[in-house]
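Thanks for making time this morning. I have one structure to show, and I will keep it brief.

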Amino acid sequence: MFVTHLACTLCGQPHDHARLQAVSACCGKPLYAQYDLARVGAALGRDALPTREASLWRYREALPLPAGAAPVTLGEGWTPLLPVPRLAARLGLADVRVKDESQNPTASFKARGMTMAVSMARHLGATALAAPSAGNAGGALAAYAARAGLPAFIFMPKDTPRANVIECTEMGARVTLVDGLIHDCGAEVARRKDAEGWFDVSTLKEPYRAEGKKTLGYELAEQLGWTLPDVILYPTGGGTGLVGMWKAFDEMERMGWIGAARPRMIAVQAAGCQPIVRAWQAGERFAPLFERAHTSASGLRVPKAIGDFLILDAVRASGGEAVAVTDEAMLAATRETGSLEGLFVAPEGGACVAALRDLVRAGRVRPDERVVVFNTGAGLKYLECFA
Ligand SMILES: *Cc1c(COP(=O)(O)O)cnc(C)c1O
Ligand SMILES: [Zn+2]
């Protein structure tokens with residue numbers, strides 16, 4: 001295991017990685033795992049990767065779970081990066097690919113974060129897990145907790161898509177429906193966790209969901225022959241995957257796996273819940289709570305993100321931007337993607353396609369640029385949206 005410590009993402013203060021940790025003690029901000037990358041690079045040559053297992057655990061040395069500890073796994077990651085030529089032509093682009101995260105266990109990329117968070121929580125002695133969820137995180141937590149033999153307590157807004165609620169209960173989790181949004185659910189977990197003995201696996205409030213999601217960045221580079229695309233569109237709620245990829249790019253560069261070039265990171269949000277877009281437009285580093293948040297893309301219904309500054313820093317450093325699309329546009333793009341390419345994407349994936357169309361029209365993405373769009377989940381979990 002090559003983790004040296006955890007560091008506060010705001011001020012850098014080190015924290016002990018040998019015990020369960022939440023947010024930083026100094027600033028109350030996310031903690032990031034720091035590695036001895038010289039040793040990771042020596043132990044894990046990128047050329048040895050093709051013989052490794054077809055899951056995100058192929059990057060084991062760059063992940064936080066010690067070599068002797070067994071992962072809690074359902075075969076997550078190593079999802080296809082699918083060329084979508086008909087959709088690309090419709091958009092006026094030459095090279096668009098969809099990273100199809102609906103092919104993960106529990107049908108969303110939340111599996112990446114939860115395999116890591118639950119593996120680490122069990123390894124470090126947690127006996128019960130809890131989290132708020134706007135949708136897919138709940139299903140992933142229920143699955144990985146069951147796989148680990150640990151109880152899960154999940155708090156969801158009462159209008160969360162039914163499929164998300166059902167999959168949690170069918171996998172044995174205790175679900176509480178809350179009259180509010182995900183931050184209200186998070187407050188409920190925070191209020192009760194000490195008395196109940198729960199370990200809180202809220203995104204970016206423990207260090208390891210981001211480590212699982214950073215594998216998106218490793219996979220992109222490996223699947224593109226150790227290059228990166230020009231533009232990445234990422235449907236941004238808490239932003240864990242976007243900031244995780246940004247961390248992965250940095251780690252890979254320091255190991256000599258990729259160069260210094262970075263994609264423009266486009267954070268895509270819903271018009272009805274766009275705190276990051278507002279902060280981006282205002283030139284701010286922190287995003288206040290977005291009032292009266294509403295969108296049928298439940299994964300984007302995150303009015304307040306603890307990692308706001310990490311998202312905004314990455315978007316700015318990359319020369320990217322933060323953009324919003326309406327629910328009508330994302331649902332139309334979902335149907336278009338399905339009809340043209342046979343991918344029944346989640347509305348969050350549709351949002352990225354809709355945003356890409358807007359950016360092409362505005363001349364902000366050029367026809368010859370290499371674009372990767374994230375489809376983060378499965379349309380089948382959102383039947384209410386398509387009724
Ligand atoms: C959670 C979720 C998102 C947002 O992911 P973050 O990393 O929290 O920004 C996007 N799409 C889907 C389908 C999700 O479940
Ligand atoms: Zn700090």
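I will go through the metal site and then the other ligand. Keep in mind that this is a predicted model.

Start with the zinc ion, which is ligand 2. Its protein donors are the SG atoms of Cys8, Cys11, Cys26 and Cys27, lying 2.3 Å from the ion. Along the chain, these donors follow the spacing C-x2-C-x14-C-C. What is the arrangement of the 4 donor atoms around the zinc ion? The angles they subtend run from 102 to 115°, so the arrangement is tetrahedral; the criterion for four donors is that all angles lie between 85 and 135 degrees.

Cys11, at 46%, counts as partly exposed.

Now to ligand 1. The space it takes is the largest pocket. Ligand 1 is surrounded by 17 residues, and the closest are Lys110, Tyr234, Gly237, Gly239 and Thr376.

Which atoms lie 3.0 Å from an oxygen atom of ligand 1? One is a backbone N or O atom of Gly238, and another is a polar backbone atom of Thr240. From Tyr234 the contact is through the side chain: an N or O atom there is 2.5 Å from an oxygen atom of ligand 1. On its own, ligand 1 has 380 Å² of accessible area, and the protein covers 96% of that.

That is what I have on the two ligands.

Definitions and conventions:
Residues numbered from 1 in each chain as written. Chains lettered and ligands numbered in written order. Predicted model: local features only at pLDDT ≥ 70, side-chain atom pairs only at ≥ 80, totals over all residues. Heavy atoms only, no water. Donors = N, O, S within 2.8 Å, 3.2 Å for Na, K, Ca; no water. Tetrahedral: all angles 85-135°; square planar, octahedral: opposite > 155°, others 65-115°. Buried < 20%, exposed > 50% of the residue type's maximum accessible area, 1.4 Å probe, protein only. Near = heavy atom within 4 Å. Polar contact = N/O pair within 3.5 Å; in protein donor to acceptor, adjacent residues only side chain to side chain. Areas by Shrake-Rupley, 256 points an atom, 1.4 Å probe, with all protein chains shown as cover. 1 Å grid on protein atoms, 1.4 Å probe; cavity = no way out; pocket = protein on both sides within 12 Å on 5 of 7 lines; lining within 4 Å. Sits in = over half its atoms within 2 Å of the grid points.
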